[in-house]
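Please go through the points below with the coordinates open. They cover the metal site, the strands, the core and a few backbone details.

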Amino acid sequence: MSFILPTLQYDYKALEPYIDAQTMEIHHSKHHAAYTNNLNGALEASDLKGKSIEAIIENASKVAPVIRNNGGGFYNHGLYWDIMTPGGPEGPQGKLLEAINGSFGSFDSFKDSFTKAATTRFGSGWAWLVQKGDSLVVSSTPNQDNPLMDVAEVQGSPILGIDVWEHAYYLKYQNRRPEYIEAFFKVINWNEVAKRFKA
Ligand code: MN3
């Protein structure tokens, strides 16, 4: 069984004006498709074929770089599409909001921390909101690594992530990564983030 490029739950243009249709189309149909195809290709000759994506990437330190990179790319982009939506709730609610307040003091200080992690990740990578037991932490990873991987500095369960590779924002925002991060906050699907959070 091979991994399949997930279908988006909204149109490429649905996240405008925050994330433009051309970026979405290239990002999904070219970049995510390439990670998916390259992962499937690399798994052909591997005894990892048939395992879940989580089981494969958890052991990132022990797998070939091509599997670590493309497995991470496959997983990370699936999460990224899921945790965005047009017209979603303005912020987290209920148990997730309580946990954010408990771990960061307030939603605004969470947002500052996440924005800083996303802004200061040097080069290509991701920033994350990670569940570690009962608490939430912000982290960032290089390339296509993520907090599920045994190589991650901060390990845990990613419940929100932002792609800060230039391909995620350059067509619309060029070098203005902070503007893209601010725009991302307008399209977060907090209902989906809450589903990933285990109260
Ligand atoms: Mn990407």
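How are the donor residues of the manganese ion spaced in sequence? The pattern is H-x49-H-x85-D-x3-H.

This is a predicted model, in which local features need pLDDT of at least 70 and side-chain atom pairs count only at pLDDT 80 or more, while totals for chains, interfaces and linings use all residues. Residues are numbered from 1 along each chain as its sequence is written, and side-chain values use heavy atoms, with hydrogens and water left out.

1. Metal site. The manganese ion has as protein donors His27 (NE2), His77 (NE2), Asp163 (OD) and His167 (NE2), at 1.9 to 2.1 Å. Donors are N, O and S atoms within 2.8 Å of the metal (3.2 Å for Na, K and Ca); water is not among the atoms, so sites may look incomplete. His27 belongs to helix H1 (residues 21–44) and His167 to the loop between strand S3 (157–163) and helix H6 (170–173), so the pair ties together parts that are 140 residues apart in sequence. Helices (H or I, at least four residues) and strands (E, at least two) are DSSP runs, numbered from the N terminus. Both His27 and His167 are buried, where buried means under 20% relative accessible area, exposed over 50% and partly exposed in between (1.4 Å probe, protein chains only).

2. Helix H1. The 24 residues of H1 should span 34 Å at 1.5 Å a residue, and its end C-alpha atoms are 33 Å apart, which agrees. The expected span is 1.5 Å times one less than the number of residues. H1 also bends by about 30° at His27; the bend is the angle between axes fitted to the seven residues ending at a residue and the seven starting there.

3. Strands. S1 (residues 125–132) pairs with S2 (residues 135–142) in the antiparallel sense over eight bridges, and with S3, also antiparallel, over six bridges. Two strands pair if DSSP finds at least two bridges between them. S1 and S2 form a hairpin with two residues between them, and Gly133 in the turn has a positive phi of about 60°. Lys132 has Ser135 in S2 as its bridge partner, while Leu129 stands opposite Leu160 in S3. Seven of the eight residues of S1 are buried.

4. Core. The largest nonpolar core holds 57 residues, of which Met84, Phe110, Leu160, Tyr180 and Phe184 touch the most other members. Its largest share, six residues, comes from helix H3 (residues 65–82). Such a core is a set of buried Ala, Val, Leu, Ile, Met, Phe, Trp, Tyr and Cys residues joined through side-chain atoms within 4.5 Å. Beyond four places in sequence, Met84 is in contact (heavy atoms within 4.5 Å) with residues including Tyr10, Leu15 and Phe184.

5. Leu8 and His28. Leu8, in the segment before H1, is buried at a relative accessible area of 13%. Leaving out residues up to four places away in sequence, Leu8 touches Met24, His28 and Trp81. His28, in H1, is buried at 7% relative accessibility; among the residues that His28 touches, with that exclusion, are Leu5, Tyr12 and Trp81.

6. Backbone details. Glu16 and Pro17 are joined by a cis peptide bond, with omega of about 5°. Asn143, which is not a glycine, has a positive phi of about 55°; Asn143 is in the loop between S2 and S3 and partly exposed at 40% relative accessibility. Gln174, likewise not a glycine, has a positive phi of about 45° and is partly exposed at 29%.
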